[in-house]
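Subject: Structure handover and notes

Dear colleague,

Please find the structure below, followed by my notes on what was found in it. I have kept the cut-offs beside the terms they belong to.

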Amino acid sequence: REIGIDLLGARNASLRGLVNKIPAPLVAEMLGYSYQITQKHAHSSGRTLVPIRVPGTLGFRKRKRSDMPAATLFGLVLMGLGIFTFFISRTFTHRIARFRSEWFQPDLDRAAYARRHLRIIRIMATCWVALGFGFTVTGLILGR
């Protein structure tokens with residue numbers, strides 16, 4: 001001031017030069033200015049870049065752990081379990097039939113037991129897939 005330099009004009013000119021080189025929100029964070037002031041300086045200096053969104057600032061939405069609706073996630077898990085169960089059912093029923101005949105019922109007809117229980121397990125697995133599909137579609141449509 002004593003030597004005739006306009007401090008406000010010098011400060012504004014340096015701020016305009018800075019927002020020309022660095023995005024306005026970053027300048028605001030570094031220097032402690034408000035976002036509106038740095039955006040005004042960026043606009044007056046002719047800068048037309050889209051501002052960068054920084055976590056914890058205006059306009060930034062923090063992601064939740066999962067944006068997927070709970071019903072959709074449950075449905076996908078249920079479908080996966082159903083498909084997995086369907087494909088391991090043959091091995092599973094033959095092992096159970098062998099185990100029962102060796103430990104509990106020596107006169108058990110293994111083939112008939114395995115066929116009957118294979119059908120039951122596959123029907124159950126198909127129901128799981130159908131229910132899972134229903135939950136998935138419902139979750140996607142309702143968005144909850």
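Helices (H or I, at least four residues) and strands (E, at least two) are DSSP runs, numbered from the N terminus. This is a predicted model, in which local features need pLDDT of at least 70 and side-chain atom pairs count only at pLDDT 80 or more, while totals for chains, interfaces and linings use all residues. Residues are numbered from 1 along each chain as its sequence is written, and side-chain values use heavy atoms, with hydrogens and water left out.

Of the 144 residues, 22% count as buried, where buried means under 20% relative accessible area, exposed over 50%, and partly exposed in between (1.4 Å probe, protein chains only). The accessible surface comes to about 11000 Å², and 64% of this belongs to carbon and sulfur atoms; accessible areas come from the Shrake-Rupley method with a 1.4 Å probe, and for residues only the protein chains shown count as cover. Among contacts (heavy atoms within 4.5 Å) between residues at least 6 apart in sequence, 59% join residues at least 24 apart.

The largest nonpolar core has five residues in all, namely L15, V19, A24, V27 and A42. A core here is a set of buried Ala, Val, Leu, Ile, Met, Phe, Trp, Tyr and Cys residues joined through side-chain atoms within 4.5 Å. The elements that give two or more residues to this core are α1 (7-21) and α2 (24-31). As general background, nonpolar side chains in soluble globular proteins tend to be buried together.

Helix α3 (residues 35-45) has T38, H41 and A42 as its buried residues. These cover an arc of only 100 degrees around the axis, and they therefore sit on the same side of α3; the arc is that of the directions from the helix axis to the C-beta atoms. On the other side of α3, K40 and H43 are exposed, whereas the cover over the buried residues of α3 includes α1 and α2. H41 counts as buried because its relative accessibility is 12%, and, leaving aside neighbours within four places in sequence, H41 is in contact with N12, L15, R16 and V19. Two of these contact partners, L15 and V19, are also listed in the nonpolar core. After α3 comes G46, whose phi is positive, near 95 degrees.

A nonpolar patch lies on the surface, formed by L26, M30, L31, Y33 and I37, with about 420 Å² of accessible area together. Patches are made of residues with over 30% relative accessible area and no salt bridge, with like charges joined within 9 Å and nonpolar side chains (Val, Leu, Ile, Met, Phe, Trp, Tyr) within 5 Å. Helix α2 supplies the largest share of the patch, three residues. M30 is found in α2 and counts as exposed because its relative accessible area is 52%.

A search of the whole structure finds two salt bridges, each being a side-chain nitrogen of Lys or Arg within 4 Å of a carboxyl oxygen of Asp or Glu. R98 pairs with E102, the closest N and O atoms being 3.8 Å apart, and both residues lie in helix α4 (residues 70-103), four residues apart, about one turn of the helix. E102 also forms a salt bridge with R110, again with the closest N and O atoms 3.8 Å apart.

Finally, Y113 lies in helix α5 (residues 110-142) and is buried, with a relative accessible area of 8%. Leaving aside neighbours within four places in sequence, Y113 is in contact with I96, A97, R100 and L108. The C-alpha atoms of Y113 and S101, twelve residues apart along the chain, are separated by 9.9 Å.

With best regards
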